[in-house]
Each structure stands twice: as C-alpha cells, then as structure tokens.
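Colleague: I'd like to go through this one with you. Can you put it up?

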Amino acid sequence: MPEPDWSLWRSFGAVVEHGSLSAAARALGLSQPTLGRHVEALEQALGVGLFERTLAGLRPTDTALKLYEPVQSAQ
C-alpha cells in the first residue's frame, strides 16, 4: 500500500494544531468537508482512528499525537 499523500498529513497536522475541522480549514484555506475527507482517508489508509469526536471538537488519540511529531517538524 502506498504512503498516504502529503496533503492528508498536512490536513491531519492542522486539525491536531487547531482542534477542529473548521478551524483547520480556515488556517489552510480549504473547506471543512475537504478536511473531513482528508482525515477520514488518512484514518482508513493507516487503519486507526486518529481523533475522538467531542462536543468541544476533535481530540487526538495517543496514536495521533505520536504521528503528529514528525508531521509538525516537516511543516
């Protein structure tokens, strides 16, 4: 299976940083549905859930936080 595209990782990093799809979308200049599709595609490609959906937004899982470190340094 090929490595997920960088755009998926970039969107993932923005969601971790900003805490919601809408805030991440604004920061990247993309639509909220696009960010949602990116996160979903990355979760499917990796076979793991990356966020817990809460009333306050999206909370990254422990796995997501581990994956975020190299993404953050690559941005």
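Colleague: Where is the place of Leu 21?

Modeller: Leu 21 sits in helix 2. Helices here are DSSP runs of H or I with at least four residues, strands are runs of E with at least two, and both are numbered from the N terminus. This is a predicted model, where local features need pLDDT of at least 70, side-chain atom pairs count only at pLDDT 80 or more, and totals for chains, interfaces and linings use all residues. Residues are numbered from 1 along each chain as its sequence is written, and side-chain values use heavy atoms, with hydrogens and water left out.

Colleague: What is Leu 21 in contact with, leaving aside neighbours within four places in sequence?

Modeller: Val 15, Gln 32, Leu 35, Gly 36, Val 39 and Leu 58, once neighbours within four places in sequence are left aside. Contact means heavy atoms within 4.5 Å. For Val 39, 18 residues apart from Leu 21 along the chain, the C-alpha separation is 9.1 Å.

Colleague: Which residues of helix 2 are buried?

Modeller: Ala 23, Ala 24 and Ala 25. Buried means under 20% relative accessible area, exposed means over 50%, and partly exposed is in between, with a 1.4 Å probe and protein chains only. The cover over the buried residues of helix 2 includes helix 1 and helix 3. Just after helix 2, Gly 29 has a positive phi of about 70°.

Colleague: Back up a bit. How many helices and strands does the protein have?

Modeller: Four helices and two strands. From the N terminus on, the order is α-α-α-β-β-α. The radius of gyration is 11 Å, close to the 11 Å that the globule rule gives for 75 residues, so the protein is as compact as a globular protein of that length. That radius is taken over C-alpha atoms, and the rule is 2.2 Å times the number of residues to the power 0.38. The C-alpha trace spans about 30 × 25 × 25 Å along its principal axes.

Colleague: What percentage of the residues count as buried?

Modeller: 36% of the 75 residues.

Colleague: And the largest nonpolar core, which residues have the most contacts inside it?

Modeller: Phe 12, Val 15, Leu 42, Leu 50 and Phe 51, in a core of 17 residues. Helix 1 (6–18), helix 2 (21–28), helix 3 (32–46) and helix 4 (62–74) each supply at least two residues of this core. Helix 1 gives the most, with six residues. A nonpolar core is a set of buried Ala, Val, Leu, Ile, Met, Phe, Trp, Tyr and Cys residues joined through side-chain atoms within 4.5 Å.

Colleague: What does Phe 12 contact, leaving aside neighbours within four places in sequence?

Modeller: With those left aside, Phe 12 is in contact with Leu 42, Leu 50, Phe 51, Ala 64, Leu 67, Tyr 68 and Val 71.
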